[in-house]
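Here is a short report on one protein chain. Please look over the sequence and the model before reading on.

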Amino acid sequence: MGDTTDAPPAPGPAGVSPVTPSPGRYRQERGSILLAATPIGDARDASARLVSALEGADIVAAEDTRRAFALAARLGIRIGGRAIALHDHNEAEKAAGIVDAARGGARVVYVSDAGMPTVSDPGFRLARAAIDAGVPLSALPGPSAPLVALALSGLPSDRFAFEGFLPRKDGEARRYLQELATDPHTLIFFESPRRAASTLARMADVFGGDRCAAMCRELTKEHEEVRRGTLATLAASDGEILGEVTIVVAGYEKSTRAQDHVGAVLALAAEGMRLKDAAAEVAAATGARKNDLYKAALAAR
């Protein structure tokens, strides 16, 4: 993406210093769509390319246009083009029109409220529509809460999976977690502050209280906090949880102790005992985890 301009940055509001991109400012190609990452807390994380793209776009589609204008004000710039709201409730309807505008030569930038569009945010339908129509699609990389939380968690980052928000109903959430209980990847979740404590308790119950995890909140903001420990410890933590929450949970590791006692579980089951009851009895006698024993016995049957 190529041509440049030497136009000076637009003056910002009083008391706000405009973000000035380096010489040879980024200029988006005509007839293309950019998925642009925006700061997740600290406006100073905005890249020079994002600033130039917002100033030079013909259309800025935004999950919330008010937030897009507020971000521009914090950056000391003005959004140059027409602003269009594009969110979960209207994306399917409006994506085709925006793609048509790009096909006609418009520079389109899409921003969600914070972080990378399409990652637990709107933008996927727009991206898919652009691809299907053959309209050039690119991304301006930047802040992403899942990756920041993963880096700060201290948990393995070589294999990870982003799971977003859990279902709100307890039964559905538990079933979802049960499907992930033996997943070896480090797992990343979003959660609201009012549900974070109950979600941690549910995870401790399904995954086991001794599973390592981290609860991250207000990432990149003034009151950023990362609590690390076992799920049981985090679930029992005192204090109100405020701000945006990202939970990172260690992946499942096969328990050697459980494997050592699978034979005893199967022997009790062969005598007529329910497998879950057999796993519970062997767990009580050996100190192995009941859930590990039950899953290992199921696999060995």
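## Annotated spans

The model is predicted. UniProt, in an unreviewed entry, places "domain: Tetrapyrrole methylase" at residues 33-235. Over that span the chain is 41% helix and 22% strand. Its end C-alpha atoms are 43 Å apart.

Residues 260-300 are 80% helix and 0% strand. Here the end C-alpha atoms lie 12 Å apart.

## Helix 1: an enclosed helix

Helix 1 covers residues 48-56. Seven of its nine residues are buried, so helix 1 is largely enclosed by the rest of the structure. The buried residues are Leu50, Val51, Ser52, Ala53, Leu54, Glu55 and Gly56.

What do the buried residues of helix 1 pack against? The partners are strand 1 (32-36), strand 2 (59-62), helix 2 (65-75), strand 4 (107-111) and strand 5 (137-140).

## Helix 5: one buried face

Helix 5 runs over residues 145-153. Its buried residues are Ala145, Pro146, Ala149, Leu150 and Ser153. Seen down the axis of helix 5, these fall within an arc of 130°, so they line one face of the helix.

Glycine 154 follows helix 5 and has a positive phi, near 80°.

Two packed helices are described by the angle between their axes and the distance between the axes. Take helix 3 (residues 91-103) and helix 4 (residues 124-133). Their axes come within 9 Å and cross at roughly 45°. That makes helix 3 oblique to helix 4. The crossing of helix 3 past helix 4 is right-handed. Helix 3 makes the contact with Glu91, Ala92, Ala95, Ile98, Val99 and Arg103. Helix 4 contributes Phe124, Arg125, Leu126, Ala129, Ala130 and Ala133.

Next come helix 6 (residues 170-180) and helix 7 (residues 193-207). They pack at an angle of about 45°, with their axes 10 Å apart. Helix 6 and helix 7 are therefore oblique to each other. Helix 6 passes helix 7 in a right-handed crossing. On the helix 6 side, the contact residues are Asp170, Ala173, Arg174, Leu177, Gln178 and Leu180. They meet Arg202, Met203, Asp205, Val206 and Phe207 in helix 7.

## Helix 10 and helix 11

At what angle do the axes of helix 10 and helix 11 cross? For helix 10 (residues 262-270) and helix 11 (residues 275-286), the crossing is at roughly 135°, and the axes come within 9 Å. The two helices are therefore oblique to each other. Helix 10 passes helix 11 in a right-handed crossing. From helix 10, the contact uses Ala264, Val265, Leu266, Leu268 and Ala269. From helix 11, it uses Leu275, Ala278, Ala279, Glu281 and Val282.

Alanine 278 lies in helix 11. With 0% relative accessibility, alanine 278 counts as buried. Leaving out residues up to four places away in sequence, alanine 278 touches Val265, Leu268, Ala269 and Met273. Arginine 159 is 119 residues from alanine 278 along the chain, and their C-alpha atoms are separated by 33 Å.

## Loop residues

Is glutamate 218 buried or exposed? Glutamate 218 is buried, with a relative accessible area of 16%; the cut-off for buried is under 20%. Glutamate 218 sits in the loop between strand 8 and strand 9. Setting aside neighbours within four places in sequence, glutamate 218 contacts His223, Glu224, Leu242, Gly243 and Glu244.

Most residues other than glycine have a negative phi. Threonine 220 has a positive phi of about 70°. Threonine 220 is also found in the loop between strand 8 and strand 9. Threonine 220 is partly exposed, with a relative accessible area of 22%. Threonine 118 has a positive phi too, of about 80°. The place of threonine 118 is the loop between strand 4 and helix 4. Threonine 118 is partly exposed, at 34% relative accessible area.

Technical notes
Residues are numbered from 1 along each chain as its sequence is written. This is a predicted model: local features need pLDDT of at least 70, side-chain atom pairs count only at pLDDT 80 or more; totals for chains, interfaces and linings use all residues. Side-chain values use heavy atoms; hydrogens and water are left out. Buried means under 20% relative accessible area, exposed over 50%, partly exposed in between (1.4 Å probe, protein chains only). Helices (H or I, at least four residues) and strands (E, at least two) are DSSP runs, numbered from the N terminus. The arc is that of the directions from the helix axis to the C-beta atoms. UniProt positions are given in the numbering used here, feature names are shortened, and annotations may be inferred rather than shown by experiment. Axes are lines fitted to C-alpha atoms, for helices over the stretch in contact, and angles run from 0 to 180 degrees between N-to-C directions. Angles under 35 degrees count as roughly parallel, over 145 as roughly antiparallel, 65 to 115 as roughly perpendicular and the rest as oblique. A crossing is left-handed if the near helix is turned anticlockwise from the far one by less than a right angle, and right-handed if clockwise. Contact means heavy atoms within 4.5 Å.
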